[in-house]
Every structure is written in structure tokens, then in C-alpha cells.
Amino acid sequence: MAKDKLEAPAYREFPSPPPLREGAMSHMHTFIAKPAHQEDLDWPGELEDGWEQRAVDKLGDLLKKNKALRVYLDSCVKCGACTDKCHYYIGTQDPKNMPVARQDLLRSVYRRYFTISGKLVPGLVGARDMTKDVLDEWYNYYHQCTECRRCSVFCPYGIDTAEITMAARDIMNHIGLGQKYSNEIIGKVHKIGNNLGLPGPALVDTMEGLEEDVLDETGVDVKFPVDVHGADVLLVTPSADFFAEPPVDGLIGYGKVFHQAGISWTVSSYASEAANFALFAGSTEQMHKIARRIRKVAQEFGVKRIIFGECGHAWRVAYSFLNTLAGPFDFLDPKYPVPQHILEFTYDLINRGALKLDPSANDDKVVTFHDSCNVARASRMGTRPGGQFNIPREVIKAAVNNYVDMNPETIHEKTFCCGGGGGLLTDDLMELRVKGALPRMEALQEVVDSHGVTHIAAICAICKTQFAKVLPYYDFGMDMIISAHQLVGDAIQLGEKE
Amino acid sequence: MSYEVNGKTIECDEEGYLEDIGEWSLDVAKIIAKDENLDMTDEHWEVIDYLREYYDEYQIAPAVRVLVKAIKKKFGPEKGNNKYLYELFPYGPAKQACKIAGLPKPTGCV
């Protein structure tokens, strides 16, 4: 079981569309949620008779609730602009991983049941009945999309392809065909408070351990508080920050920033998760339930502001939807944005001279930055357009002397997904994850060759874990991936302020 | 899926993690380790024992950092690092060692 002979695809000589390999990924089938995982989320445990009609009904329901979805399904003209923009198509060469082809798996069913031409002459307009074969294709290929929306950037009609993947997954969940990885995790958040299933006492133990480590290393008593009522800041961060390398080094960095700024903060054992996996499942109800935990704690603790740690889609949900999901947040201090990103927070402190950074602490590194898709394409930081690109870079540049960007076609809003987002960061999809990392690895290789880049910084727990896993397949060291706030934490000058 | 241990069937999930941690025994662990192509040494068992102790107390596997620190304290600084643990458990101490220890797989962005 442990041995895998998986090999990374070869770098392309030029970043051109690769030749097609029909059905190359048709075997990819992520584990199906067990009935217990489904039922925890009030979804049917498995497919039951009559699921075909229920799937069509659910699609009808979504079309009513989400007018944009109908526009996306209607407006594609098959221009082809999106075809070669997907990391999974580039890495797997499977034509069904062209975004347009993947969307058409759902669009064809939409046509059959919701358009006049599809009802009358299905064969002429590419309309298909909702059958088991169609459903199987949905399950395979809608779990080969990270909802990263790179293709949408290039779509002249602005079709948000992620919304189509989310709709398909939402429908599948509602008929009893869910994905194990995401649905088990959502259930854990409802029960325990985070994706890991890390109970309160373990969280406290972990945070005390970090206090010891930082004290040992720096001689400074930096606190990592849990469940402190009356703290100024509620930090909501992905639970991977408590558990995995390198995310935990980012958490240490946040702690040092709070310490040096003299701002009291806490995490909560009840809302101990920033990531909202319900986004991946396209489920507003579940998204709502997860987001409400944050509101509840913020109110109970009486905090003045909520700050999110480094987590891509957490920030997407927080920035774009938090207020509608769990607002209004009129009980917070109106001086601060709701919510705030940890990078905005650190950036502001640096600009005000409240933090002293010594970038020479990172002189052993040449750093580049990977824009996380959900931050880059779906949100903003700070008060100016493009803040989500500039702020992380400005913070990193304040912490390091050697910084280089990757190829402009692969950063900012055109960033390539790490290959593990959207609920696909699971071992059963390792082949897909390795292949999907190809375009990012190509861009990384370029700056390694041209500028001697040694580290790639990221601001998302998924990206960090994905890179730690796939970098070795491309002959890079797994420790090349680093948290943005680790760079800050290593450069920060702790101690008395002048 | 399941393991056959001394004539008994022990259920596991698709990836070989035990469905019920209560079914764990040394013999089960040895069979899982064999499936993972690992030759278990005393050093491996030190890690497995610690994981199980920690799980007993906290109902979750320890973070890698916590594990590294505990191993360092218990068995000496030369064993207290990530590299050592990856040498023992090439597929990652968190996941592979948890499987052998009968613990559930850590989920989430890890």
C-alpha cells in the first residue's frame, strides 16, 4: 500500500497545450463517503431508487436559487479560451479535464431538462439524460477540479466554472453520493470544531508546546493563548496550523507578531478551524453552520476583531461571505475591517514601524511566492485593488533580502493551483495531485535555474501540504515550501521596543 | 477491506486504517507494517507506543512537532528530528505510523 511508483509528468519544452490522451484519468475515483459521513450532514447515506429525478429536481432548485448558475450554463459559446488553462488538463492531458468539457458534463443534463431545445431534440443540442454513466462521469471529473477558477479569468463571458463544479457536487451530496474526504471533515467540524478532529485539551497541549519551543529558541515568553475571554483578537486559523509542518511555523510567526505588537489574542477550541470545506461541497447550509461557530465565539469572548490565518479558501469564504453567512458583526470594533487577514495585520504593523524585522535572518534563502487561487482570484486584502497580490509580497520582502517572482503568466490572478485545492488534498487522488502540480513546478524550476530560488512561500495550508507532498516527485526537497509568516517570525526582532 | 489476524477478521478502511481502534493488537500492527513494507525495529515500536499513549490521553494523534519533541525527550536528541522519523516511516510519521498504531488517519489540510 505504501509503495507507489507514481512519476511526475515531464516538463514541457514550451508551455503549449499538451496532446490529448482520451480517458487518461477516467480511472480516478476518489473514495465515496460512507453512509455515516453523509447522514451526519443530513444527506442520504447512499444512492436510492429514484435518484435520477432527485438529481434533476436538485438542479432545478439550484437554478432557482442561483441565477448566475443558469447564466453560466447558458452562455458558453465553446470558444475554447479556457481549454489549456487548467492545471489538471495540462498535467493529465485528459480532454474531459478541459474546463469547458468538464462543465459540459453538467451542462448537457441541464439542457435536457431545462431548455426547450433539449427537451424536444436532445440529440441535436448535446443534451443527455441523467443516467448512471453520466453520474459516474460527474463523480470522477468533478473531483478533478480544484475550483481554482483560473479558467474563469480567461473566459470572455466570465463563466465561473467553480460554481458549476460546486453545483454538481451539491447535487451528488443530495442524492447520496458524497466524497469521503470532504464530508468526513465537515462532520468533524460540526462535532469537534476543526477538520483534524483536534479536541480542546490536545489544542491546549499543542499551544503550550509552542510556547516552550519559542521560549527555548528565543528566550522570549511568547504566548499562544486558547479560549481567553476578553482578548482583543480572535484568531481563526486552519487546524493544520496546529498540527502539520510547515503550517505550524506560520502559526509561530503569527504569535511572535501579536507578541511584538502587544495586542492580546486568542484562538478558540470551539471555532478552531478557518477552513470551510462546505465551500468545496457547494453547500450553503453547511457553510453557514461552520461560519456560525466563529460568530458565536467572537460574541462570547467579546473580542474587538477577527483575524484569519493563512488559509486560502477560508479567506475566500471570510472575505466574500462571512457577513451574509454569520453577520452582522456590529458587535466588533468598527475601526477594523471585518474580517481581517493576518497578512493585512502584519503589513499594517510593518508600515507603522510597530515591528522590527531583520531580513538578513533569512539570507540563507532566495524566496518566491505562490499566490493561492482562492485568495488571488476571489478576494482582496487591504484597501487597494491588487492588495491580495501586493500585501503578501510586501510582507515577505520586508522579511527577506532575496525575493524573485515566478513567470508573470503563472502568478497574481493567473496563478496556477497547487494541485490539491477544492477538497482534493487526499491520498487517494495522489496521481491527480502530482500531475496537476506540473505547471506550478515548471514555473518554480525556471526561477530555481535562473535565480537560485531555494524556497517557495505560501499562505494556504492546502498549498503548503500539497507542495510538501509533491515537490519530491519533481526532485525538489519537501522543505522548500515555507509559510509566509515563518519568514516573518524568523526575521522579527523580539524584545523591548525603543 | 480487512486484515486476517490469527484467524480473526479485522475491518479497515480503503487505505488500511482500522475501523475500530479497540481491535488493535501487536499482531495486527505487525501485519499492517508488513503491508506497508516496513521492517519493524525497536525504534519503530518506540514511536508506535508513544502515539498510542498520546491517543489514549487526547483522542487524536500528536502533531508531528509534538511527536518529534517527545521522542527527543524520551530517546535522545539524535532521534528528535523530522528526518529520523521519515527514515523510520517514509510515507510520513503522522500517517504511516498512525496506521500501524491503529489510530484514525489525521484528516484535513495535512
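In chain A, residues 24 or more positions apart account for 79% of the contacts with a separation of 6 or more. Two residues are in contact if their C-beta atoms, placed from the backbone, lie within 7 Å. The model is predicted: local features need pLDDT of at least 70, side-chain atom pairs count only at pLDDT 80 or more, and totals for chains, interfaces and linings use all residues. Residues are numbered from 1 along each chain as its sequence is written, with chains lettered from A and ligands numbered from 1 in the order in which they are written.

The secondary structure of chain A comes to 22 helices and seven strands. Helices (H or I, at least four residues) and strands (E, at least two) are DSSP runs, numbered from the N terminus. The radius of gyration of chain A is 23 Å, close to the 23 Å that the globule rule gives for 498 residues, so chain A is as compact as a globular protein of that length. This radius is taken over C-alpha atoms, and the globule rule is 2.2 Å times the number of residues to the power 0.38. Along its principal axes, the C-alpha trace of chain A spans about 80 × 50 × 45 Å. Of the 498 residues in chain A, 55% are buried. A residue is buried if 20 or more other C-beta atoms lie within 10 Å of its own, exposed if 12 or fewer, and partly exposed in between; the C-beta atoms are placed from the backbone.

Chain A is assigned domain 1 (35-178) and domain 2 (186-491). These bounds come from an automatic or database domain assignment. The centres of domain 1 and domain 2 of chain A, taken over C-alpha atoms, are separated by 30 Å. Their contact takes 22 residues from domain 1 of chain A and 25 residues from domain 2 of chain A. On the domain 1 side, helix H1 (35-40), helix H4 (87-92), helix H8 (150-154) and helix H9 (161-174) of chain A each supply at least two residues. By class, this side of domain 1 of chain A has eight nonpolar, eight polar and six charged residues. Ala, Val, Leu, Ile, Met, Phe, Trp, Tyr, Cys and Pro count as nonpolar, Asp, Glu, Lys and Arg as charged, and the others, Gly among them, as polar.

A:Lys132 lies in helix H7 (residues 132-141) of chain A. A:Lys132 is exposed, with 10 other C-beta atoms within 10 Å. The C-alpha atoms of A:Lys132 and A:Trp51 are separated by 9.6 Å, although the two are 81 residues apart along the chain.

Four strands of chain A form an open sheet in the order S2-S1-S3-S4, with parallel pairing. Strands pair if DSSP finds at least two bridges between them. Strand S2 (265-266) and strand S4 (340-341) of chain A are the edge strands, each pairing on one side only. Strand S1 (residues 233-236) and strand S3 (residues 305-308) of chain A pair in the parallel sense over four bridges. A:Leu234 has A:Ile306 in S3(A) as its bridge partner.

Helix H15 (residues 312-326) of chain A has a kink of about 60°, centred on A:Ser320. The bend at a residue is the angle between axes fitted to the seven residues ending there and the seven starting there. Eleven of the 15 residues of H15(A) are buried, so H15(A) is largely enclosed by the rest of the structure. Among them are A:Trp315, A:Arg316, A:Tyr319 and A:Leu322. The cover over the buried residues of H15(A) includes helix H14 (284-301), S3, S4, helix H17 (373-376) and helix H21 (461-470) of chain A.

Chain B has five helices and two strands. Along the sequence they follow the pattern β-β-α-α-α-α-α. The radius of gyration of chain B is 13 Å, close to the 13 Å given by the globule rule for 110 residues, so chain B is as compact as a globular protein of that length. Its C-alpha atoms fill a box of roughly 40 × 30 × 25 Å, taken along the principal axes. Of the 110 residues of chain B, 35% count as buried. Among contacts in chain B between residues at least 6 apart in sequence, 44% join residues at least 24 apart.

Strand S1 (residues 2-5) and strand S2 (residues 8-11) of chain B run antiparallel and are joined by four bridges. B:Ser2 has B:Glu11 in S2(B) as its bridge partner. The hairpin of S1(B) and S2(B) has two residues between the strands, and B:Asn6 takes a positive phi near 45°.

Between the chains, 22 residues of chain B are in contact with 31 residues of chain A. Helix H3 (residues 64-75) of chain B gives the most to the chain B side, with four residues. By class, that side of chain B has nine nonpolar, seven polar and six charged residues.
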